[in-house]
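Morning, everyone. Please have a look at it first.

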Amino acid sequence: MGLVPEGPISIDLKEVRETMATENSVVVAVDGSKASQAAVRWAANTANKRGLPLRLVTSFTIPRYLFSEGMTPPQELFDDLEAQAKETIEEARGIAQEVVPDLHIEETIAESSPVDLLLRLSEEVPLIVMGSRGLGNLSGIIMGSVSAGVVSHASSPVVVVREDAEVTEKNKYGPVVVGVDGSDISAKATAEAFKEADTRGAKLRAVHTWLDSQSSSPLPGVVEVQHDWESIEKEQKAQVEKLLEPHRKEFPDVEVEVLIVRNSPVRALEQNSKDAQLVVLGSHGRGGFRGMLLGSTSRALLQSASVPVEIVRPTKD
């Protein structure tokens, strides 16, 4: 997506190193937008369930284009931007404490682009949470440039929360949904989904799709479409169950529901996640080429899903 600038990262590295030295934490990006506020609520609840601190992260940049080459921006400008960032952090702290009053909350404020800062943090923390779009984005755009940049390049899993993703009685105790397609990244996403389900005491709903137009199976060892749907469903379910078996052994208390759906992956995941707490998905599936940032299913689901979506990327070489 061209969102990660080349060259050195302009981050207050001392601040970041201090951040890394702390206990693992759930990191949430804050900017004062409604989507960011929703992300803080979700992240606070998740940090509490995981027994981890919540780290509120924000950044600011000096608009150097306003100054001629060689000019140093006045200290007053730096102080004003830092003060605004601190106000944003304090507002987010209040929101998090409304969710979990006694939650341990940390903070990071750095002079940096938000994408650079979050990517740097993603190398060390277990989870990044962020709103789907922040302040200044065009109306109607669901995923902003910052969330797109972080999701496409982060080392850790990233959860994107829409501003309308409210916790309701319907989804409060709903399942964790994961898309399963037999790919390596799907296996990594499945492992993450089991951890989420175990942490939340939730059911795991594994969704695998099949289309009549397929000439070969997305899972190895399954014959081409020559049988009726019941036979196909039975064969596909057996393959999915085999993929889930090691995770069931690791998390024996997690209740598992396997759905073989005759639909496109995006529609199947949308339809079967309306009551979910979270959807977990690999960044790209079997159709994605090596080095691909986001596949068509993950891109579409980030734009359309009404619940938080967690994107799991391949381990970097």
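How much accessible surface does the protein chain have, and what share of it belongs to carbon and sulfur atoms? About 15,700 Å², with 48% on carbon and sulfur. That is Shrake-Rupley with a 1.4 Å probe.

Now the ground rules. This is a predicted model: local features need pLDDT of at least 70, side-chain atom pairs count only at pLDDT 80 or more, and totals for chains, interfaces and linings use all residues. Residues are numbered from 1 along each chain as its sequence is written, and side-chain values use heavy atoms, without hydrogens or water.

The chain has 317 residues, and 49% count as buried, meaning under 20% relative accessible area. Its secondary structure comes to nine helices and ten strands. These are DSSP runs, H or I of at least four residues for helices, E of at least two for strands.

First packing: H2, residues 34-50, against H6. The angle is about 80°, and the axes are 9 Å apart. Axes are lines fitted to C-alpha atoms over the stretch in contact, with angles from 0 to 180 degrees between N-to-C directions. So H2 is roughly perpendicular to H6, the term for 65 to 115 degrees. Trp42 and Lys49 are among the H2 residues meeting H6, where Glu192 and Glu196 are included. Contact means heavy atoms within 4.5 Å. The residues divide into one nonpolar, three polar and five charged.

Ala187, Thr190, Ala191 and Phe194 in H6 meet Leu244, His247 and Arg248 in H7. That contact has four nonpolar, two polar and one charged. Asp, Glu, Lys and Arg count as charged; Ala, Val, Leu, Ile, Met, Phe, Trp, Tyr, Cys and Pro as nonpolar; the others, Gly among them, as polar.

Technical notes:
Buried means under 20% relative accessible area, exposed over 50%, partly exposed in between (1.4 Å probe, protein chains only). Angles under 35 degrees count as roughly parallel, over 145 as roughly antiparallel, 65 to 115 as roughly perpendicular and the rest as oblique.
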